Structure formats: structure tokens, C-alpha cells
Amino acid sequence: MTLTFRLAWRNLWRHRRRTWLTASAMIFSNVLLVFMISLQFGSYEMMINNTLRAFSGHIQLQMAGYNENPKLRNSIADVRTVAKRVRERLPNAQVAARASGFALASSEERTFGIQLVGVEPDREPGVSSLPGLVRDGRFLDDPTAPEIFIGSTLARNLKVAVGDEITLLGSGRDGSFAAGIVTVAGIFESGMQDMDRSFAELPLTYFQDLFAMDGGGHSVVVMLPSLDRVAAAVTTLRNAPDIDGPLDVLDWEALNPGLKQAIQADMSSAWFMYAVLIVLVAFSVLNTQLMSVMERTREFGVISALGVRPRRLAGLILLETTLMALIGFALGVFLGWLITLYFNTAGFSYPGMEDFASRFNLPGKMYPSITPLSLVLGPAVVFVFCLLAALYPALRLLRLRPVDAMRTA
Amino acid sequence: MGAGGQLPLGALARLAWRNLWRNRRRTAIMLLAIATGAWAMIFMTALMRGMVDQMVADGIDALPGYVQVHHPQYRDDPNIENSLAQPDAAFRAAMAAPDVQAWTSRVRVPAMISSARDSRGVTLLGVDPQGEIEVGFDPADIVAGRFLDSPGDGGLVVGRKLLERLETDLGKRVVIMSQGPDNTVADRGFRVVGVYKAQLEALEETFVYAGRDTVQAMLESGDRISEIAVTGYDYRNVAPLLERVRSAAGDHAEVLPWTELDPYLGSMMKVMDGFVLVWIVVIFMALSFGLVNTLMMAVFERIREFGLMQALGMKPAAILWQVLLESLMLLALGLLLGNLLAIASVWPLRDGLDLSIVGQGMEWFGAASVLYPALKPNDLLLANAVVIVLGILTSLLPAWRASRYRPVDAIART
């Protein structure tokens, strides 16, 4: 074994330049893969977290069918009690009740149709980042006060400031006329166009009175300590007899189908690019190893005439390739890690990215996330494909006939 | 052709061609690698280009127009107060220029639409149906009923998704409320006469079309309009059109190109142009290691031969040229294969690649769920040029080494 190993190692350096060039192809693609995959993981994570934290949360409980077709009528009867039960089941989670509807908001000068959400002022900051994005004034604090928390573009369009009054007009759950006058408590700026332009929050109790909800609401929002606990929490809630019943337990993927699919679409184009890179490296290895076998045909003929089995020769070639691929792997991961580490602290951006990023709830700079998986995934696949590429030259040796081989010039 | 030393270029080329096929298997593998690389460059670029082109085209149709004219305050505060007068004769005359494809003027105000079941916030468009079709509305998108037939049409055309949300139907009545000048609430009942579909559901939920005169009468706003939309012929080069509209519209109006009206679309196009180049260069770099390696091997095993040739009087320059020609032939052949492969794989997709599995994700990007690859001559040229030029540059090293051996040493080598 050690003999084969030493043989392989020496053979590798018989053509120093060729070995380094082939290893360089591996290093190049490994560095690129480490960086790209880390950047991808980092931006997906940020996209998911920013989107979920903004409003939707990790899990929501809603009436069946509400997610596809949000109607005021399709409400949870006693939303606060449901929220309380959820809180008992999931002691580590932040849980808040909400109700939502649509109304015409008028200031003295302007009128706009807006989305209204009734929230629990003390609970909402735990499930949503919106209350923390106050630009003027403050978030709601009294569950019954006729106050409103509105987006910055909406405030500008309505020409209102903190302390001004807005008239709300809509229709209640029972079909009655819903009308109220509220004072602007605060103005938020989220950077998300739709949110800033046509979205406002009211205290839940006030919302329920305004829309004749009779204590009802539309969703219970759950925010967990981290994304990987979602599946377990969903199972817990689905198995809770006093919760599930007529309610749907929806995880973040069901709540934001666009988010999941955008990531999938992006991933599939990324995988295509990675696959091409890997195939090109494999070609490079195939060529090198094939050459190295062919130029040694005579040598191999002599060795096998001395009684070495062809299988051992094939193993030798595979071992040589493994050693070369290991060099490519180690240096690739190391250099890739260095580069990624730099961008992990400094942030990565390219021209035009800011306009682009805000649409996906991303900041102007992206930070690649370094995990063992993101470091090793790409290079490991490269490693495997390099070995596969060496199979053809190695298997050719199995058919080696010593006499013919020794005659080769 | 003195470049070939003493041999004519034709003879050198023949020599290079034969040398190329001395090791068939090696050459074939390298050809395959170059072809795969070229295929990936062109195919991927065609897919991405197709997606972005369509996004931009759909985005411009939805704006609509390459250039829009507004009251300076309108974009901040889209109220009918911030409106323009109906374009005058001078403006009309300026819009007869050959680089203007079409133009139209429209009223565009935020409004609330109510059916018997539900209410929604929408954008009410008061349009001249003929002009609207000329700047981008496709009458084939009407899936039920009809499009408006005149600016005075009293009917309403709504999106498929909105109709569903409102739980109403073709022929039913809906009420539209909006704001007239002086903050008066203006409302009017409309009958839904047509339903349209759009690439993006968000658009179907946002825009409702009514006759321009009808909307003006409802808002009691005289013949005031909110915007003028102008289309040209080349959205990538919108500056001349912008200049023309700007000088025709005068200083009191805000005139902006689509890249500023929708910065996401504008940046998308720029990012895409950058991406194409980066992608092509990255693929080339992955190829270049193999290319240098192959040539190095080809040179290395022929050192004796090169020495002999020099001893027989061939100049080093001729040897350099011979290796470069060999590389050029390899590259050109690989590219030819790659190009054919790319064209062959784009061709079956000409009727569109269905991505509806990730349709909502594509909508997030602002893209449609059917992708039409766009094989642009420019991209094709760029990919081929990059491979040839950088490929020759990379081959300079092995070629130069081949020409530098001293004949005596080279022959003495075994």
C-alpha cells in the first residue's frame, strides 16, 4: 500500500507543470464554487429572514381558505384565546393575534384605499420588524385607542404627519358601515414599496370594534427563535386538538410561495452554472490522466510483465488522481474560505445592486454565510467528478496486454 | 505573409492541421471541452437574455412607454390636481417624428373599486383605447368581453384576478370611487365589459381601464390628463427620444425615461449586461487551464521535432506561428461545434420554456413564467470573440516556449 502510494506521489510530479495546471483548474473552480455557494446561502438566508421578520412570521394560523382568498367574513371567532393556546404549546415562540381588512383612508386633502391590520400593541413587536422601523412618532401602545401606524409613502400621499387625523371608511363583518376617526401615532419606513405605500396598523381591539368583528380576527402569527424549528412547531400545532380543528397551520413557505419559488428558480440557474464549471474541470482531468496513461504504456507493459495485476495499475491511476484532486480540494477550500471570509466582513456588492436588492428585501451589500456545508459542498462534487473522469483512463489499463504495450514506441 | 518565416502560411496551416490530429483522442477531448464551454456560454446567455428582455418589454408595456410626461408633483402625489393640459398642436406635431412609434395621453388616479361582495384599492386608467393599443396594450389579452371602443366608452375593463377577488362577473356593475379636484369624492357605477389577462397577477389586480372622457367627466376635471406615454423603436437607446419629448413638452413638465420610471427594470438590464460578460469570462478561464495543458503537452512531446525543423532552417517565428495556428484551429473547431450545439438546443425552446412550477417565484423577480430564449447576434459574437482572443493570448506561452528551444539542445533531448 505504502509502495503504491509512493509510486503515485512520484508519478504525479514527473510532469510538474501539467499536474499544477490540472490542479489549478480544480482550485479555480473550487474557489469560485465556495464563494458563490456561500454568497447564495447568505443571501437566501437574509431574504427569508427579512421577509419573514417584516410581517408574515414563521407560522400563521388562519381559517381554511383564508390564505388564498382573504375575506373579512372568514375569521377566527376568538382570536386571542387561540393565540393563548398557541403560546402554551410553544413556550419559546413569540405569538400575536391579528385581524385585517380594507378601508378607504381620507385626510383633509387626499383619499386612498389601504390595507388595515389590527395588531396587539404589546405582542406585535415580537413577531414583526415593522414596529421597530418607526421614522416619526411611536408604535401603537394602547389596545383600544383610536390610533394608527402608517407607512411613510402613504403619509406623504395623504399629506399627514404624527398627530393628524385620518377618517377610515369600510364595511364591517356583518355588512354594516364601518367608519372611524383615528390619530396618526407613528410613521414607519420599511423600504418595501407596497408596505410603505398602502399599509397601516391599528390596535386590535379598536379594529375589532370598527369592523364589528366581535372579538374575532384573521390570523395568529408565530415567530420562532430560528427557521429550523418551524417543522417541529408545525407538527406540534397540527397535533393539538384544541387548536387545529377548522384552522389551517401554514408555514412560511405556504405563506410566501413566491419567496420559496424565487429561491428555487435562482438555485436552478445557479446549479446549471456550477454543473458546467464542474464538467469543464472533469474534461481537464480526463485529458491529463489519459495522456499520462498513454505516455506510460510501455512502462505499464513492463510492470505487468513482471507480474503486477492490471487492477493494481488502474488503482495506481485512481490514486494519482485522488492525490491531485485532494490538492485541488484543500487549496481550493482554503483560498475560497479566505476570499469568502473577506467578503463576509466587508460585504459584497456590484454596481446597480441596490435598486435590485431592495426588491428582494435585501440590503445594498450581501454577506456570504460561511458554513461547513457551503465550504465543502462544491469542492466535494468537483472531487467526485474528477475521480469519475479518471475512471476511463484507469479502466483502459485493465485491457492492457503486456506484449503489445511493451512494443509501443 | 512574411509572418510564416520562410514557409508560406498555407504550408504552416497544413502542418498545424496535421499536428492537431496526431493525438486524436486528446484533441477530441479538448474539442469537447471547448464545445461544452461555448455551448454553456451561449445557451445560458440566451436564457437569461430572454428572461430579462421579456421582463423589460412587459415592464415597458405596463408602464407604458419608453418615455412618460407628468406634472412635476404627480409621481409623488398621483392626484388629479397634479395634471397636465391635453397636449397642444405643437406637441402633436413634434410626435409625428420618425423615431416616435406611438403616443397616448391618459388619466391615471388611485381609486377604490367595490362590487356587491368586496372592495379593493386599484389604479384607475382613463384611456383612449386606440392610443392605448398603440403604446402596448395587446387586444389579444382580452379573455372575455371586449376592450373599450372609444374614449367616451362607459364600460370598464378589469383584470382576471381582480374579477375573482371581487367575486363579480362580466356584465355586472361595480362602483368606482376616486378623488376629484378639491378633495371631493367622485364616484360612478360601471358595467364590466371586458376582462384582460397579464403576465403578472399583480398587474391584473392593479389596473382597471375606462374611457378617458368618461373618467374626466366622473372626476369633473375637464380635459386634464395625468400622463403622456411615448414609445419609440429602441428601448436600449432611449436618449434621442427623451430629448425630443423633453423639448416638445416644455420645462413645466417632468419627462423621464423608463429606466428612471422603473429603476428595478433599468438596473436589471445593466446587471444582465454585466453578468453576460462575467459568465463568458469565467467559463473561458475554466477552459483555459485545459487549453494550456493540451498545448503544452503537444509542444513538449515534439521538442526534438522543433529542434530538427530549426536545424533545417525554419525560423523560430514559424514555429511560434505553427503552434498558434494549431491552437486557433482547435478553438475555431470547438467553437463551431459549441455554436451549433447551442443553436440546436435553443431551437426546440423557441415556443417558450414553461417555468410555471416556480411561476410565483418568477413573478417575484418580475418575470413571466414562460421563458423565451433570445439568441442575440451580439452575445454570440461576444462569446466567440472572447474565446478566440483570450484563447490565442493564452496559447502564446506554449507557442513562445516551443520557438525558444536551441536546435542542438532540442535534438539532443530524448
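Predicted model: local features only at pLDDT ≥ 70, side-chain atom pairs only at ≥ 80, totals over all residues.
**Figure 1. Chain B meets chain A.** Let's start with the whole contact, to which chain B brings 61 residues and chain A brings 60 residues. Interface size is often expressed as the accessible area lost when the parts come together. Here the two chains bury about 5200 Å² between them, and 66% of that lies on carbon and sulfur atoms.

**Figure 2. Salt bridges and polar contacts link chain B and chain A.** There are 7 salt bridges between the two chains. One to look for joins B:Asp76 to A:Arg156, with the closest N and O atoms 2.9 Å apart. Polar contacts across the interface of chain B and chain A come to 14 residue pairs, both residues being at pLDDT 80 or more.

**Figure 3. The side of chain B that touches chain A draws on helices and strands.** At least two residues each come from helix H2 (24–62), helix H10 (263–300) and helix H13 (359–365) of chain B, and likewise from its strands E2 (102–114), E3 (119–127) and E6 (173–179). H10(B) gives the most to this side, with 20 residues. Sorted by class, the side of chain B that touches chain A holds 33 nonpolar, 16 polar and 12 charged residues.

**Figure 4. The largest cavity is lined by residues of chain B.** A search of the whole structure turns up 6 cavities of 30 Å³ or more, and the largest cavity has a volume of about 90 Å³. The lining divides into 4 nonpolar, 4 polar and 3 charged residues.

**Figure 5. The second largest cavity is lined by residues of chain A and chain B.** About 60 Å³ of space lies inside this cavity. From chain A come A:Arg110, A:Thr111 and A:Phe112, while the lining residues of chain B include B:Asp77, B:Pro78, B:Val109 and B:Gln179. Strand E3 (111–119) of chain A gives two or more residues to this lining, as do E2 and E6 of chain B. In class, the lining residues of the second largest cavity are 5 nonpolar, 4 polar and 2 charged.

Methods:
Residues numbered from 1 in each chain as written. Chains lettered and ligands numbered in written order. Heavy atoms only, no water. Contact = heavy atoms within 4.5 Å. Buried area = accessible area lost by both parts, 1.4 Å probe. Salt bridge = Lys/Arg side-chain N within 4 Å of Asp/Glu carboxyl O. Polar contact = N/O pair within 3.5 Å; in protein donor to acceptor, adjacent residues only side chain to side chain. Helix = DSSP H or I, 4+ residues; strand = E, 2+ residues; numbered from the N terminus. Nonpolar A, V, L, I, M, F, W, Y, C, P; charged D, E, K, R; others polar. 1 Å grid on protein atoms, 1.4 Å probe; cavity = no way out; pocket = protein on both sides within 12 Å on 5 of 7 lines; lining within 4 Å. Points joined across faces, edges and corners; volume = space filled by probe spheres on them.
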